[in-house]
Amino acid sequence: MAAGESMIPVGDVPTETTTVVRVESDDGTEELMLHRTDGTVHAWLNACQHFTHIPIDKGDGAVMRDGEFICQNHGAYFEAASGRCTFGPCEGAYLESVDVTVEDGTVYLTDERYVYIGPGPIERDPTDLGSTSNVEF
Ligand code: FES
């Protein structure tokens, strides 16, 4: 058995988009964005590096093109395998990587900064527009 917390079956991690799970950290409840490429599962905090309160996966899978995640707010591109922003307002920045491992068909959370809560996104109040502002001045 792998060290770490069992999260989801590796078959539930998509290759053409992402899926999110909820974790707890010192900063509260957060989302991880999981993606499978080249037989490996990568986990990133679901936070654009332009405005870190903006999720890249809005809850129904990140938009992807040619192996890169696209932030729909201002069009930043992030390499799915490295997390590096290749284009956009945060070019050169990296998504925050979270340690996971795959064993016996299951994805395990091995990053001690986080505790697994469950699959799916954090419920957001659709009437709370204050927390999604991304206006630039
Ligand atoms: S918030 Fe993602 S590119 Fe601006």
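This is a predicted model: local features need pLDDT of at least 70, side-chain atom pairs count only at pLDDT 80 or more; totals for chains, interfaces and linings use all residues.

Reader: In what order do the five strands form the open sheet?

Author: Strands of a sheet pair through backbone hydrogen bonds, parallel or antiparallel. A strand is a DSSP run of E, at least two residues, numbered from the N terminus. Two strands pair if DSSP finds at least two bridges between them. Here the order is β9-β4-β3-β2-β12, with antiparallel pairing. β9 (97–98) and β12 (115–119) are at the edges with a single partner strand each, so one side of each has no neighbour in the sheet.

Reader: How many bridges join β2 to β3?

Author: Seven, between residues 19–25 and residues 28–37. Glu24 faces Thr29 in β3. Six bridges then link β3 to β4, residues 40–45. There, His35 has His42 as its bridge partner. The β3–β4 hairpin has two residues between its strands, and Asp38 in the turn has a positive phi of about 50°.

Reader: What is the bridge partner of Trp44 in β9?

Author: Ser97. Trp44 belongs to β4, which is joined to β9 by two bridges.

Reader: Is Trp44 buried or exposed?

Author: Buried means 20 or more other C-beta atoms within 10 Å of its own, with C-beta atoms placed from the backbone; exposed means 12 or fewer; partly exposed is in between. Trp44 has 23, so Trp44 is buried.

Definitions and conventions. Residues are numbered from 1 along each chain as its sequence is written. Helices (H or I, at least four residues) and strands (E, at least two) are DSSP runs, numbered from the N terminus.
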